[in-house]
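Subject: Structure handed over, with notes

Dear colleague,

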Amino acid sequence: MICRVQRIRETLRASLSSASQRDDAPWFRYLGLVLATTAVAFVWTVILPWVALQPQMANHLQELEKQGIDGGAMFYTELEAMEPILHKLESSPR
């Protein structure tokens, strides 16, 4: 049992030391930055517009537009329409 635990520890140490060596390479950091930027851009330009076209979200955005609220530039704390909603939430028992 002790030998097994020691082998597991040695394996973990070896994998951690190889990971730290890999992190020291500048190209590895740049690759991570490029992948993260690509992922954010994909979500922003593909996934979010697709979600906005779904029936439930499209209905919600139309309701907001009827109220004069731009759903793409919305800050809930700055909307006049949110004042009654916030007041209702604050006065309701928790």
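At what angle do helix α2 and helix α3 pack, and how far apart are their axes? Helix α2 (residues 26-53) and helix α3 (residues 55-66) pack at about 75°, and their axes lie 5 Å apart, where axes are lines fitted to C-alpha atoms, for helices over the stretch in contact, and angles run from 0 to 180 degrees between N-to-C directions. The two helices are therefore roughly perpendicular to each other, a label given to angles of 65 to 115 degrees. On the α2 side the contact (heavy atoms within 4.5 Å) is made by Val51, Ala52 and Leu53, and on the α3 side by Pro55, Met57, Ala58 and Leu61.

Please keep in mind that this is a predicted model, in which local features need pLDDT of at least 70, side-chain atom pairs count only at pLDDT 80 or more, and totals for chains, interfaces and linings use all residues. Residues are numbered from 1 along each chain as its sequence is written, and side-chain values use heavy atoms, with hydrogens and water left out.

The protein chain comes to 4 helices and 0 strands, helices being DSSP runs of H or I with at least four residues and strands runs of E with at least two, numbered from the N terminus. The average pLDDT (the predictor's confidence in each residue, from 0 to 100) is 78 for the chain, and 78% of the residues score at least 70. Among its elements, α2 has the highest mean, 90, whereas helix α1 (residues 2-23) has the lowest, 69. Of the 94 residues in the chain, 6% are buried, that is, under 20% relative accessible area with a 1.4 Å probe, protein chains only.

Best regards

Conventions: Angles under 35 degrees count as roughly parallel, over 145 as roughly antiparallel, 65 to 115 as roughly perpendicular and the rest as oblique. Buried means under 20% relative accessible area, exposed over 50%, partly exposed in between (1.4 Å probe, protein chains only).
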